[in-house]
Amino acid sequence: MKTSLIASTLGLAATLAFSPLSHAADAAAGEALAKKEGCLKCHAIDKKKDAESLKGIAKKYAGKPDAEAKILNQITTGAKVKLEDGTEDEHKIVKSKDKTELSNMIQWILSLK
């Protein structure tokens, strides 16, 4: 099961990376999905909260060719994350199956640098 989840995540990442939609992201839609999915409960845009700021994430991945794939993996697989207090938790899974919606959110995060 874990292998099929990884394979589907990589397939979605490849689709997003080579999709023309990934280059025409809708920032407002991306931000709306982040709010709807509760991302801003743990991540603030410009300061550390329970988790790293979204601007910090954007800076961390700036210029990296695999940035979209890494963020996609983090938000869709429930991978372990280290919180600001040093504890670890499973990252909440973003429930959207819409590739454009996910791409918009990832592009919005990456634009915050």
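Okay, Gly63: just after H4, this glycine takes a positive phi of about 75 degrees. When I say helix or strand, I mean DSSP runs numbered from the N terminus, H or I over at least four residues for helices and E over at least two for strands.

Quick housekeeping. This is a predicted model, so local features need pLDDT of at least 70 and side-chain atom pairs count only at pLDDT 80 or more, while totals for chains, interfaces and linings use all residues. Residues are numbered from 1 along each chain as its sequence is written, and side-chain values use heavy atoms, with hydrogens and water left out.

Now the overall layout. We have six helices and two strands, and along the sequence they run α-α-α-α-α-β-β-α. The chain has 113 residues, and 37% of them are buried, where buried is under 20% relative accessible area, exposed is over 50%, and partly exposed is in between, with a 1.4 Å probe and protein chains only. The exposed surface comes to about 7,000 Å², with carbon and sulfur atoms supplying 57% of it; that's Shrake-Rupley with a 1.4 Å probe, and for residues only the protein chains shown count as cover. As for contacts, meaning heavy atoms within 4.5 Å: of those with a separation of 6 or more, 58% are between residues 24 or more positions apart.

Back to H4, residues 54-61. Which of its residues are buried? Leu54, Gly56, Ile57, Ala58 and Tyr61. Those buried residues pack against H3 (39-42), H5 (67-77) and H6 (99-111).

H6 turns up in each of the helix pairs I want to show. Start with H4 and H6: their axes come within 7 Å and cross at roughly 85 degrees. The axes are lines fitted to C-alpha atoms, for helices over the stretch in contact, and angles run from 0 to 180 degrees between N-to-C directions. So H4 and H6 are roughly perpendicular to each other. The cut-offs there: under 35 degrees is roughly parallel, over 145 roughly antiparallel, 65 to 115 roughly perpendicular, and the rest oblique. On the H4 side the contact is made by Leu54, Ile57, Ala58 and Tyr61, and on the H6 side by Trp108, Ile109 and Leu110. By class, that's seven nonpolar, no polar and no charged residues. For the classes, Ala, Val, Leu, Ile, Met, Phe, Trp, Tyr, Cys and Pro count as nonpolar, Asp, Glu, Lys and Arg as charged, and the others, Gly among them, as polar.

Next pair, H2 (residues 27-36) with H6. They pack at an angle of about 95 degrees, axes 7 Å apart, which means H2 is roughly perpendicular to H6. This contact has seven nonpolar, two polar and three charged residues. From H2 we get Ala27, Ala29, Gly30, Glu31, Leu33, Ala34 and Lys36, meeting Glu101, Leu102, Asn104, Met105 and Trp108 in H6.

Let me zoom in on Gly30, which sits in H2. Gly30 is buried, with a relative accessible area of 0%. Ignoring neighbours within four places in sequence, Gly30 is in contact with Asn104, Met105 and Trp108. Its C-alpha is 7.7 Å from that of Ser103, 73 residues apart along the chain.

Last pair: H5 and H6. Their axes come within 10 Å and cross at roughly 115 degrees. How is that crossing handed, left or right? It's right-handed, where left-handed means the near helix is turned anticlockwise from the far one by less than a right angle, and right-handed means clockwise. Ala67, Glu68, Ile71, Leu72, Ile75 and Thr76 in H5 meet Leu102, Met105, Ile106, Gln107 and Leu110 in H6.

Ala67 belongs to H5 and counts as buried, at 5% relative accessibility. Leaving out residues up to four places away in sequence, Ala67 touches Tyr61 and Leu110.

Lys49 lies between H3 and H4 and is partly exposed, at 40% relative accessible area. Beyond four places in sequence, Lys49 is in contact with Leu40, Lys41, Cys42, His43, Ala44 and Glu84.
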